Amino acid sequence: MPPRSRTVWAPLWLSLLVCRTIAQLDAELTACRACPRLVAWREQVAHEKRAAFSDENYWGKPVPGLGPADARLLLIGLAPAAHGGNRTGRMFTGDRSGDFLIAAMHAAGLTNQPTSVSAYDGLRLLGTRVTAPVHCAPPGNKPTTVERDTCRRWLTTELTLLAPTLRSIVVLGGWGWQAALPALSESGWEIPTPKPRFGHGAHVELAPAARGHSPVHLFGAYHPSQQNTFTGRLTPAMLEQVLRDAAQAAGLP
Ligand code: SF4
């Protein structure tokens with residue numbers, strides 16, 4: 001039986017005191033060891049490696065968000081892949097999901113190039129940031145609800161720091177949607193009752209509940225996992241359309 005995660009919870013105000021900028025947030029997050037099961041797994045994978053990457057140094061730590069600190073659009077995924085983000089140290093980099101997502105983002109004008117293979121490949125996100133509700137690779141791509149809730153402090157802090165410019169969010173997948181709603185509430189947006197339901201193409205405008213916040217457009221899209229892309233449940237055209245709609249709502253060119 002895997003060890004149960006212990007919640008090492010610091011209140012949001014403390015996170016905000018420690019992390020006054022996105023750069024500080026990324027640095028603090030990278031040292032996090034709050035979830036024993038995920039710490040053990042990410043380090044085990046980094047030690048054992050996949051044969052195809054045996055000559056690489058795996059990252060093996062929490063993977064921070066990617067993109068500018070003044071992003072107008074935020075994409076929220078699920079968690080880094082064991083041999084993708086956990087290997088390269090960058091979100092959606094070095095795996096099939098990243099190939100699919102970054103190609104769609106490029107088609108929608110949100111990146112400078114259509115590929116994402118390593119942290120040194122020159123990829124730049126344009127007005128857009130990509131993050132996750134869980135920042136460590138989980139076994140079977142399945143974090144527990146305790147791990148999701150433990151990691152929410154980072155997402156809530158990231159949303160709060162992005163609030164001055166943030167106008168649009170795309171959540172990739174229903175699991176991420178459920179994780180994002182409480183983080184959005186904690187970081188200063190109103191979540192309507194009943195709660196908005198996830199679906200591909202779902203769109204709701206959230207009213208601000210904190211001073212200095214603006215309304216934010218929340219979109220849903222299927223996650224670009226191989227389960228969805230190999231079966232045709234999610235096509236490039238479907239993802240590109242949601243990204244274009246979200247970019248337009250964010251006022252991106
Ligand atoms: S999943 Fe999040 S809270 Fe848990 S160890 Fe990783 S960064 Fe920390």
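This is a predicted model: local features need pLDDT of at least 70, side-chain atom pairs count only at pLDDT 80 or more; totals for chains, interfaces and linings use all residues.
Q: For which domain does UniProt list residues 64–243?
A: The unreviewed UniProt entry lists these residues for "domain: Uracil-DNA glycosylase-like"; UniProt positions are given in the numbering used here, feature names are shortened, and annotations may be inferred rather than shown by experiment.

Q: Why are α2 and α6 called roughly antiparallel?
A: Two packed helices are described by the angle between their axes and the distance between the axes. Helix α2 (residues 22–30) and helix α6 (residues 145–162) pack at about 170°, with their axes 10 Å apart; the axes are lines fitted to C-alpha atoms, for helices over the stretch in contact, and angles run from 0 to 180 degrees between N-to-C directions. Angles under 35 degrees count as roughly parallel, over 145 as roughly antiparallel, 65 to 115 as roughly perpendicular and the rest as oblique, and α2 and α6 are therefore roughly antiparallel to each other.

Q: Which residues of α2 and α6 meet, and how do they divide into nonpolar, polar and charged?
A: From α2 come I22, L25 and L29, which meet W154, T157, E158 and L161 of α6, a contact being counted if two C-beta atoms, placed from the backbone, lie within 7 Å. The residues of this contact divide into five nonpolar, one polar and one charged, given that Ala, Val, Leu, Ile, Met, Phe, Trp, Tyr, Cys and Pro count as nonpolar, Asp, Glu, Lys and Arg as charged, and the others, Gly among them, as polar.

Q: What makes a set of residues a nonpolar core, and how many residues has the largest one here?
A: A nonpolar core is a set of buried Ala, Val, Leu, Ile, Met, Phe, Trp, Tyr and Cys residues joined through C-beta atoms within 7 Å. The largest such core has 68 residues, and those with the most contacts inside it are V170, L243 and A246. Its largest share, seven residues, comes from helix α9 (residues 236–250). Leaving out residues up to four places away in sequence, A246 touches L73, S168, V170, H217 and F219.

Q: How do you know whether A249 is buried or exposed?
A: A residue is buried if 20 or more other C-beta atoms lie within 10 Å of its own, exposed if 12 or fewer, and partly exposed in between, with C-beta atoms placed from the backbone. A249, which lies in helix α9, has 21 C-beta neighbours inside 10 Å and so counts as buried. A249 and S168 are 81 residues apart in sequence, yet 6.3 Å apart in space, C-alpha to C-alpha.

Q: Why is A34 called partly exposed?
A: A34, in the loop between α2 and α3, has 19 C-beta neighbours inside 10 Å and therefore counts as partly exposed.

Q: What makes the phi of K49 and of N141 worth noting?
A: Most residues other than glycine have a negative phi, and most peptide bonds are trans. K49, however, has a positive phi of about 65°, and N141 has a positive phi of about 55°, although neither is a glycine. K49 is placed in the loop between α3 (36–48) and β1 (73–76), and N141 in the loop between β2 (128–131) and α6. With 16 other C-beta atoms within 10 Å, K49 is partly exposed, and with 17, N141 is partly exposed as well.

Q: Which peptide bond is called cis, and what is its omega?
A: The bond from T193 to P194 is cis, with omega near -5°. P194 is found in the loop between α7 (174–186) and β4 (203–206).

Notes:
Residues are numbered from 1 along each chain as its sequence is written. Helices (H or I, at least four residues) and strands (E, at least two) are DSSP runs, numbered from the N terminus.
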